[in-house]
Amino acid sequence: MGKRVFVGGLHHESDTFNPITTNMDDIHVLRGKDLLCSNNDDSITGIIKTFEKAGIEVIPSLFARAVPNGEWDKQCYTVLRDELVSALEKSFPIDAVCLALHGSMRVKGIGKSESDLLSRIRSLCPDIPIICSLDMHATVTAGMLEYADGFIGYKCAPHTDEYETGCIAAKITLRAMNGEKLHMAAVRIPMLIAGEQSETNTEPMKSLVKKLKCLEMEEKSVIAASYFLGFPWADSGDNGVTALVVASGKSHAEALAIRLAEDFWSNRDNFRFYSETYEPAECLEKAKESIKCGVYPVIISDSGDNPTAGSSQDVTNFLKLILKDKELCSLDPPLCYQAIYDPHVVLEAIEKGEGNILDVSLGAGFDKKTSTPIKAKARVISVKRDLPGFSGVSLALLDIGGIDVVVTDRHVGCYDPKMMEALGVDPSFLKVCIVKLGYLEPEIRAIAKRSLMALTDGSSNEVFSRLSYKNLPRPIFPLDGDCTFKPSILFSR
């Protein structure tokens, strides 16, 4: 019998400040043959294709993924977890397990899903390799480290190397299957850091990641080297940055993990916002100055309510501020704001039809603490049902006080211009476009002549001191100033 590898995964970034509970309606699941035939640019596809190319029989279970959101519903998680574990039990004999996980997925009443899932898999597979790909923003815990033999993380932010990371995870698995002993060491660094301060095409992450790649390429004993930056919008006792090394020698893995941690810590004051970043009112003034200079489209990130960082996508404070600005409310073409999550308003817009007037109460249907609804008359400009490629989201474009507001009936990422285009808006001709986003993804970055980030309200607030952390390990940088750090091994095997 040829060698057989079990594959699958659960992939989600869970924001504990977001009151929305992630449930089955939010999750896209691929199973069995559909998983094998997937051709996505993600880590699970990279894993599968690499094994197939190597002539390994792939035993697929399921891969479940959702847009970052609040914590998962416990029953929803346990149903999918138990399905995956049951598929594993039925797959024996196997030679290895290779999973595509996120690393910052949390479940109500359970906590870290990865620790829970890996512990169950290890109990069934005490003697075979378990290797996982992780998101760069994974929060690595001692429990995760105890139950797996190796982790490899993305090295690009934005995450344009998911597929490649899956390929590497599979190659590490092949080495372990062929008898190579893996030693893993990790060091926790007491830091909170947002993706908007750690893009990998700018310093200091550019140089830090380059060192990781050099280690993997130039030192034969180094199998994988990763920085896992944690997820700052999760109020958990295990949050922070982790330097992790998988190597052929235990002492070497430990020494490198300590060195990488020291390098990262020494750069702590060099992490800063790379986009022009301002408080909301000043950000709007900068946009108007840019218009007068003929530099547009100006793309502004409503960063505090970024659904791709797990926020609720229904905080209205920034939109309210825009609606008070007569200049911005009279632009030609109108300022476009993408997007408020409000299923009831979308349904009403579809029912009433284009050209009709609605009395809306828009937004703040989920996060009721941060903002209040916008009550206004809105004209339905256009609607789009079941937009392909966006989990079947339906959209409405409303004219509210001279602003074109995109409204969605699902919690979705707001980075893609195709949402506006589906509603008849060409963002390349706009003077100002607002997106509920942090750093600009490539799709929207390509349009911007100038990009600004507004430090707005929401459960992905970029100013961490404005969030009510209760469970973080303290002291932690930057909340507690320039605290001291002496690196020590969190885990080593």
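## The largest pocket

In this predicted model, 48 residues line the largest pocket, and those nearest its centre are Arg-65, Val-67, Pro-68, Glu-162 and Tyr-415. A pocket is an open set of points on a 1 Å grid over the protein atoms alone, with protein on both sides within 12 Å along at least five of seven lines; lining residues have an atom within 4 Å of a point. Two or more lining residues come from each of strand S2 (27–31), strand S3 (57–66), helix H6 (162–177) and helix H13 (442–445). Helices (H or I, at least four residues) and strands (E, at least two) are DSSP runs, numbered from the N terminus.

The volume of the largest pocket is about 1,500 Å³, a volume being the space filled by probe spheres set on the points, with grid points joined across faces, edges and corners. Its lining comprises 19 nonpolar, 16 polar and 13 charged residues. Here Ala, Val, Leu, Ile, Met, Phe, Trp, Tyr, Cys and Pro count as nonpolar, Asp, Glu, Lys and Arg as charged, and the others, Gly among them, as polar.

## Basis of the values

Residues are numbered from 1 along each chain as its sequence is written. Local features need pLDDT of at least 70 and side-chain atom pairs count only at pLDDT 80 or more, whereas totals for chains, interfaces and linings use all residues; side-chain values use heavy atoms, with hydrogens and water left out.

Phe-17, Asp-367, Lys-369, Thr-370 and Ser-468 are the closest to its centre among the 18 residues that line it. By class, this lining has four nonpolar, seven polar and seven charged residues.

A cavity is a set of grid points where a 1.4 Å probe fits but cannot get out. The largest cavity holds about 40 Å³ of space. Its lining consists of Ser-275, Ile-299, Ser-301, Gly-438, Tyr-439, Leu-440, Ser-451, Leu-452 and Met-453. Strand S20 (450–454) gives the most to this lining, with three residues, and strand S13 (298–302) also supplies at least two. Five of the lining residues are nonpolar, four are polar and none is charged.

Helix H2 (residues 43–53) is largely enclosed by the rest of the structure, because eight of its 11 residues are buried. Buried means under 20% relative accessible area, exposed over 50% and partly exposed in between (1.4 Å probe, protein chains only). The buried residues of H2, including Ile-44, Ile-47, Ile-48 and Phe-51, pack against strand S1 (4–11), helix H1 (32–36), S3, strand S4 (96–100), strand S7 (130–134) and H6. After H2 comes Gly-55, with a positive phi near 80°.

Phe-51 also belongs to the largest nonpolar core, of 66 residues, where Phe-51, Val-97 and Phe-151 touch the most other members. Such a core is a set of buried Ala, Val, Leu, Ile, Met, Phe, Trp, Tyr and Cys residues joined through side-chain atoms within 4.5 Å. Beyond its neighbours within four places in sequence, Phe-51 is in contact (heavy atoms within 4.5 Å) with Val-5, Val-7, Ile-56, Val-58, Cys-98, Ala-170, Thr-173 and Leu-174. Another core, of 36 residues, lies apart from this one and includes Ala-287, Ile-340, Ala-349 and Ile-400.

## Two loop residues

Glu-71, in the loop between S3 and helix H3 (74–91), is buried, with a relative accessible area of 16%. Ala-446, in the loop between H13 and S20, is exposed, with a relative accessible area of 68%.
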